[in-house]
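This report covers side-chain packing, aromatic contacts and backbone geometry. The sequence and the structure come first.

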Amino acid sequence: MPYFRPPSEAKSFILQATIGCSHNKCTYCAMYRRDEQKFRMRPTDEIKQIIDSAAENPGFTRVFIGDGNALVMPQKKLTEMMQYVMERCPQVERISMYANIGDILRKGVDNLKELKKLGLQMVYIGFESGDEVVLERIQKGANFAQHIEACKMLKEVEIINSAMVLLGVGGVERSEEHGVATGKLLTATDPEYVGALSLQIRPGAPIYNEAMEGKFQLPSKFQMIRELELIVENTTLTDGYFFSNHISNYLPIKAKFPEDKPRVLKEIRRVLNERDESMLRPDYYRDVINQY
Ligand code: SF4
């Protein structure tokens, strides 16, 4: 503890097969920085015991495999675990997990196809930005082209892609570039779901020290909404949902693309024109977030 899961997995059984994050380099991330959260995989026997306990209370139909990037697990270990989930919990309809672009590429189409057959329906990917400069600075570990290649593989094997982007992560300096390029990345990868979050600078994350030293400046709330405008403006989805209703955001939007794009852009622009803070979600909510 603590473990993290997407808000939409609130009713899922969380199977913590790994602890921490094998990448653990993203400069804005403070999730797994404690010594006891150092990355490791649970032994298969231990994972099976957890699944056995879950099977005794089968009040769930979805399983989320944690922590940070469970897709890093060797294919044999992962498939054995997923097979065991399906065997012991036959009511399970969907398995999902966070996935890192590098791990998707390393798995390749054949392994992903096998995982899909075993129930992997959806992966959550932290794109954060489409701007190469920002991706490099935040040490995301993947560039624009790699995101496209990995997401193409997901489309090929029909695993749903839920992509997260992070308002503010380019700082004041790269704010406009970040907004435009992130929209372009979303268009190029065409995820089924997009979740926009807004950066919070937390102690423990390297970006916190950068901010303290004056090397990183968080954009203002309206600047982050301007980023949202740029992202939406530059995003074309074939058939997807775009949400910014995460509690970290100042302006929650829910849209089905492509049909709702004009409505949402109008809404964002009205807020940017009026600059009335009472139209925004209060800062209070950003202070109480404890999950990502
Ligand atoms: S953001 Fe995700 S991939 Fe990056 S360090 Fe945190 S958990 Fe790992």
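## Aromatic pairs

Phe64, Tyr98 and Tyr124 form one aromatic cluster. The model is predicted: local features need pLDDT of at least 70, side-chain atom pairs count only at pLDDT 80 or more, and totals for chains, interfaces and linings use all residues. Residues are numbered from 1 along each chain as its sequence is written, and side-chain values use heavy atoms, with hydrogens and water left out.

There are 8 aromatic pairs in the structure. Rings of Phe, Tyr and Trp (for Trp, the six-membered ring) pair if their centres lie within 6.5 Å; planes under 30 degrees apart count as stacked, over 60 as edge-to-face and the rest as tilted. Phe4 and Tyr32 make an edge-to-face pair, with 5.4 Å centre to centre and 90° between the planes. Phe4 belongs to the segment before β1 (13-16) and Tyr32 to the loop between β2 (18-19) and β3 (40-41), so this pair ties together parts that are 28 residues apart in sequence. Helices (H or I, at least four residues) and strands (E, at least two) are DSSP runs, numbered from the N terminus. Phe4 is buried at a relative accessible area of 9%, and Tyr32 is buried at 2%. Buried means under 20% relative accessible area, exposed over 50%, and partly exposed in between (1.4 Å probe, protein chains only).

The ring centres of Phe64 and Tyr124 are 6.1 Å apart with the planes at 65°, so this pair is edge-to-face. Phe64 is in strand β4 (residues 62-66) and Tyr124 in strand β6 (residues 120-128), so the pair ties together parts that are 60 residues apart in sequence. Both Phe64 and Tyr124 are buried.

## Charges over rings

A charge sits over a ring if NZ of Lys or CZ of Arg is within 6 Å of the ring centre and within 35 degrees of the ring normal. Lys48 lies over the face of Tyr84, 5.1 Å from the ring centre. Lys256 lies over the face of Tyr241, at 5.4 Å from the ring centre.

A nonpolar core is a set of buried Ala, Val, Leu, Ile, Met, Phe, Trp, Tyr and Cys residues joined through side-chain atoms within 4.5 Å. The largest has 65 residues, and Ile65 and Phe242 have the most contacts inside it. Helix α8 (residues 221-234) supplies the largest share of this core, 6 residues. A second, separate core of 22 residues includes Phe4, Cys29, Ala205 and Phe216.

Among the residues that Phe242 touches, beyond four places away in sequence, are Leu228, Ile231 and Val232; contact means heavy atoms within 4.5 Å. In α8, 10 of its 14 residues are buried.

## Cysteines

The structure holds 0 disulfides, a disulfide being a pair of cysteine sulfur atoms within 2.5 Å. The sulfur of Cys151 is 15 Å from the closest cysteine sulfur, in Cys26, too far for a bond.

## Backbone

Most residues other than glycine have a negative phi, and most peptide bonds are trans. A cis peptide bond joins Gly66 and Asp67, with omega about 0°. The bond from Phe257 to Pro258 is also cis, with omega near 5°.

Asn24 has a positive phi, near 45°, and is partly exposed at 25% relative accessible area. Glu128 has a positive phi near 70° and is buried at 2%.
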